[in-house]
Amino acid sequence: MESEKPAPRAADAPLNADDDAAQHSTDAPLGAPHVAPGPLSADDLAQFVRDGYCLLPGAFPRDVAFDCRDALWRRVGDLGITADDPATWSLAPKGRLGLQDVFRESDLGAPWAECWSDRLRAALDQLCGAGRWVDDDALGCGWWVVTFPGVAAAPWGAEGSWHVDGHGYAHRVDSREIGVLPIFLFSDVAARGGGTALAPGSHRAVAELLWRAGAEGVAGPRLSALAREALGAEALAGDAVVETRGRAGDVMLTHPFLLHARSKNLRDVDAAAVRFMCHPAVRLAAPMRVADDGGAPSPVEAPVRAAR
């Protein structure tokens, strides 16, 4: 079900995101002079290096997003939750569902493969370097957070724990397990609509922690705790926090070291306001080139190298 009004862009998304000239600039941000041409502008790339995220509007077709969302409604229907009966949403504990399902190809009768569009792949080439991320049959759409309106109380803010993804391994400064964490939007997400909360610049603080940790690395949960302590409460609350907003088919591209958290969905009770997002990890083909003699860094590598 498509919302009647398109959701506003995140406040720091480029206003000229649909301008072809802006989207196809090959200029690169400071510290990453050799970036493949693609849909991300120079401003987008600079924002990714500086803040740890940038939005790719229209990363995959909007009708594909809605077909996949319909399939997700069928999936949660197995739990007794339906789009046309908000009373059933109470079956989601505290108004949210976490689904570890990963969908590929035509699972559930939906076009999941089309979510990984040529436009999205070109943006990943820009961020990681062409040929430096793993593009294989394992790519899918998974690790779902579904957030229902009408449960959380104002004011808007992060509701889950601030963390970096990757709880199952020791993070190192050159970790290859996650190169980019894309957040796929399968519904329009307006302000206070439960979009993933992001802590701008936190990826640089995490990189500093990992440099200090050395070759031993830091386990994911411990790293998240250390990052929360290093940043402090003020950096993770109020106006310091950015909400992931956009339209179905957009993808927020985030740095693997960026702290993020689930947030409150304060929109009116309506099926169109139910927030469907997933964030599958994009793996690197090789460890990050974080040494000063490792050649020109990619936008993923540049802030890590600069944090040394």
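Which side chains meet in a salt bridge of 2.7 Å, N to O? Select Arg 75 and Asp 101 to see the pair. Keep in mind that this is a predicted model.

**Stop 1: Arg 75 and Asp 101**

Arg 75 sits in helix H3 and Asp 101 in strand E2, so their bridge ties together parts that are 26 residues apart in sequence. Arg 75 has a relative accessible area of 18%, so Arg 75 is buried. Asp 101 reaches 21% and counts as partly exposed. The cut-off explains the two labels: buried means under 20%.

**Stop 2: the whole chain**

Zoom out. Colour by secondary structure and look for 7 helices and 11 strands. The chain has 308 residues, and 55% of them are buried.

**Stop 3**

The structure holds 7 salt bridges. Select Arg 62 and Asp 188. Their side chains meet at 2.8 Å, N to O, in a salt bridge. This pair links distant parts of the chain, 126 residues apart: Arg 62 belongs to helix H3, and Asp 188 to the loop between E5 and E6. Are these two residues buried or exposed? Both Arg 62 and Asp 188 are buried.

Move to Arg 50 and Asp 51. Here the side chains form a salt bridge of 3.0 Å, N to O. Arg 50 is partly exposed, at 45% relative accessibility. Asp 51 is buried, at 13%.

Then pick Arg 132, Arg 289 and Glu 301. A network of salt bridges links these three residues.

**Stop 4: a negative patch**

Which residues form a negative surface patch? Select Asp 63, Asp 67, Asp 70 and Glu 114. Now centre on Asp 70. This residue lies in helix H3, which spans residues 62-77. Asp 70 is partly exposed, with a relative accessible area of 33%. Asp 70 and Ala 110 are 40 residues apart along the chain, yet their C-alpha atoms are separated by 8.3 Å.

**Stop 5**

Most residues other than glycine have a negative phi, and most peptide bonds are trans.

Select Glu 105. Its phi is positive, about 50 degrees, although Glu 105 is not a glycine. Find Glu 105 in the loop between strand E2 (96-103) and helix H4 (118-128). Glu 105 counts as exposed, at 55% relative accessibility.

Select Trp 143. This residue also has a positive phi, about 65 degrees, and is not a glycine. Trp 143 lies in strand E3. At 44% relative accessibility, Trp 143 is partly exposed.

Select Ala 154 and Pro 155. Is the peptide bond from Ala 154 to Pro 155 cis or trans? The bond is cis, with omega near 5 degrees. Pro 155 is in the loop between strand E3 (141-147) and strand E4 (170-171).

**Stop 5: Ala 190**

Finish at Ala 190, in the loop between strand E5 (181-185) and strand E6 (197-198). Ala 190 is buried, at 16% relative accessibility. Where is Asn 265 in relation to Ala 190? The two are 75 residues apart in sequence, but 9.6 Å apart in space, C-alpha to C-alpha.

Note on methods:
Residues numbered from 1 in each chain as written. Predicted model: local features only at pLDDT ≥ 70, side-chain atom pairs only at ≥ 80, totals over all residues. Heavy atoms only, no water. Patch = residues over 30% accessible without salt bridge, like charges linked within 9 Å, V, L, I, M, F, W, Y side chains within 5 Å. Areas by Shrake-Rupley, 256 points an atom, 1.4 Å probe, with all protein chains shown as cover. Salt bridge = Lys/Arg side-chain N within 4 Å of Asp/Glu carboxyl O. Lys, Arg positive; Asp, Glu negative; His and termini not counted. Charge placed at Lys NZ, Arg CZ, Asp CG, Glu CD. Helix = DSSP H or I, 4+ residues; strand = E, 2+ residues; numbered from the N terminus. Buried < 20%, exposed > 50% of the residue type's maximum accessible area, 1.4 Å probe, protein only.
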